[in-house]
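Student: Can we go through this structure together? I'd like to talk about side-chain contacts, rings and helix packing.

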Amino acid sequence: MKVRIKFKKYGALRFVGHLDVMRYFQKAMRRAQIPIAFSGGYSPHMIMSFANPLGIGLSSEGEYFDIELKEPISSEDAVKQLNAVMVEGMEVLSFRQISDEKKMTGMALVAAADYLCTPKKTTLPEDVSDKITAFLAQPEIRIVKPTKRSEREVDIRPLIYAMYAKDNGIFMQVAAGSVENLKPEIVLKAFYDYLGYDYEKIPYQNHRMEIYADMGSENERDLIPLEDLGTEIITE
């Protein structure tokens, strides 16, 4: 049985890197007595894969990883047992059964993500909505993106699905995953370059709100939260 776990990461733990988060949850599985399955061979390890690891410094309420169980446990019990061993800065939000198909793993499905980017030391200008509209109206938004060997110029406009002012911050929905992955700080820098401002002088706190799979066709996007592709586990 395959399961998808959704969790939030906040406070000081937003500065903990992906490998440490993975090790943290491996220990949490043991302490919470979750019947997680192990791989075979001479060096067995927990079967666990994260959908789209979060960058250091970002908080989130929409993080996911998939595991395999060797025996069923109810979603309600699993969430309670895991949260009983969580520390401040981590909270498990859901525990749902997912399809056994390899193509339905979170890592393979990720297509988009929502972010709320809030300036730390200032407020947004009153006309920021008009400025965002003008920014998105450009036929192209070209940036220079570093590669392993050099750098190349790319157009990020097709990768920005939505962007608007919200709660004294900037909400954006952008492409994510292994095929195309656009970080919120890249969009913010391009926006401030467009305005003629120095992005480095206006620090932001970036918060990931959700991760999506695209269940639409080649010509029409249909974004579904990864959590919604699973079902609650109920045991007697």
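Tutor: What follows is a walk through selected contacts and positions in a predicted model.

Student: Start with R4. Which strand is R4 in?

Tutor: R4 lies in strand β1, which covers residues 2-9.

Student: Buried or exposed, that R4?

Tutor: R4 counts as buried, because its relative accessibility is 2% and the cut-off for buried is under 20%.

Student: What does the side chain of R4 reach on the backbone?

Tutor: The side chain of R4 reaches the backbone oxygen of M104 at 2.9 Å. There is also a side-chain partner: R4 and D66 are joined by a polar contact of 2.9 Å between their side chains.

Student: OK, follow-up on D66. Where is D66?

Tutor: D66 is placed in strand β3, residues 59-68. D66 counts as buried too, at 8% relative accessibility.

Student: Which backbone nitrogen does the side chain of D66 reach?

Tutor: That of G106, at 2.7 Å. So the side chain of D66 has a polar contact with the side chain of R4 and reaches the backbone nitrogen of G106, under the 3.5 Å limit for a polar contact.

Student: And which residues does D66 touch, leaving out those up to four places away in sequence?

Tutor: With those left out, D66 touches V3, R4, I47, M48, S49, I98, T105 and G106.

Student: Changing topic to rings. How many aromatic pairs does the structure hold?

Tutor: The structure holds 13 aromatic pairs. One of them is Y24 with F25: the ring centres are 5.4 Å apart and the planes are at 85 degrees, so the pair is edge-to-face.

Student: Why edge-to-face for Y24 and F25?

Tutor: Because the planes of the Y24 and F25 rings are at 85 degrees, and plane angles over 60 count as edge-to-face.

Student: Is Y24 buried or exposed?

Tutor: Y24 counts as buried at 19% relative accessibility. F25 is buried as well, with a relative accessible area of 0%.

Student: Which residues form one aromatic cluster?

Tutor: F135, F191, Y192, Y194, Y197 and Y204 form one aromatic cluster.

Student: What about charges over rings? What sits over the ring of Y161?

Tutor: The charged end of R221 does, 3.6 Å from the centre of the Y161 ring. Another case is K8, whose charged end sits over the ring of Y10 at 5.4 Å from the ring centre.

Student: Now helix packing. At what angle do the axes of α4 and α5 cross?

Tutor: The axes of α4 (residues 128-136) and α5 (residues 184-195) cross at roughly 100 degrees and come within 11 Å. The two helices, α4 and α5, are therefore roughly perpendicular to each other.

Student: Which residues make the contact?

Tutor: On α4 they are V128, K131, I132, A134 and F135, and on α5 they are V187, A190, F191, Y194 and L195.

Student: Next, the backbone. What is phi of Q33 near?

Tutor: Phi of Q33 is near 60 degrees, a positive value in a residue other than glycine. Q33 lies in the loop between α1 and β2, and Q33 is exposed, with a relative accessible area of 66%.

Student: And phi of D167, what is that near?

Tutor: Near 50 degrees, again positive in a residue other than glycine. D167 is found in the loop between β8 (160-166) and β9 (169-175), and D167 counts as exposed at 60% relative accessibility.

Student: How far apart are the C-alpha atoms of A37 and V92?

Tutor: They are separated by 19 Å, with A37 and V92 being 55 residues apart along the chain.

Student: Last one, I234. Where is I234 placed?

Tutor: I234 is in the segment after β12 (231-232). I234 is exposed, with a relative accessible area of 77%. From I234 to Q97 the C-alpha to C-alpha distance is 10.0 Å, and the two are 137 residues apart in sequence.

Notes
Residues numbered from 1 in each chain as written. Predicted model: local features only at pLDDT ≥ 70, side-chain atom pairs only at ≥ 80, totals over all residues. Heavy atoms only, no water. Helix = DSSP H or I, 4+ residues; strand = E, 2+ residues; numbered from the N terminus. Buried < 20%, exposed > 50% of the residue type's maximum accessible area, 1.4 Å probe, protein only. Polar contact = N/O pair within 3.5 Å; in protein donor to acceptor, adjacent residues only side chain to side chain. Phe/Tyr/Trp six-rings, centres within 6.5 Å; stacked < 30°, edge-to-face > 60°. Lys NZ or Arg CZ within 6 Å of the ring centre and 35° of its normal. Axes fitted to C-alpha atoms, helices over the stretch in contact; angles between N-to-C directions. Parallel < 35°, antiparallel > 145°, perpendicular 65-115°, else oblique. Contact = heavy atoms within 4.5 Å.
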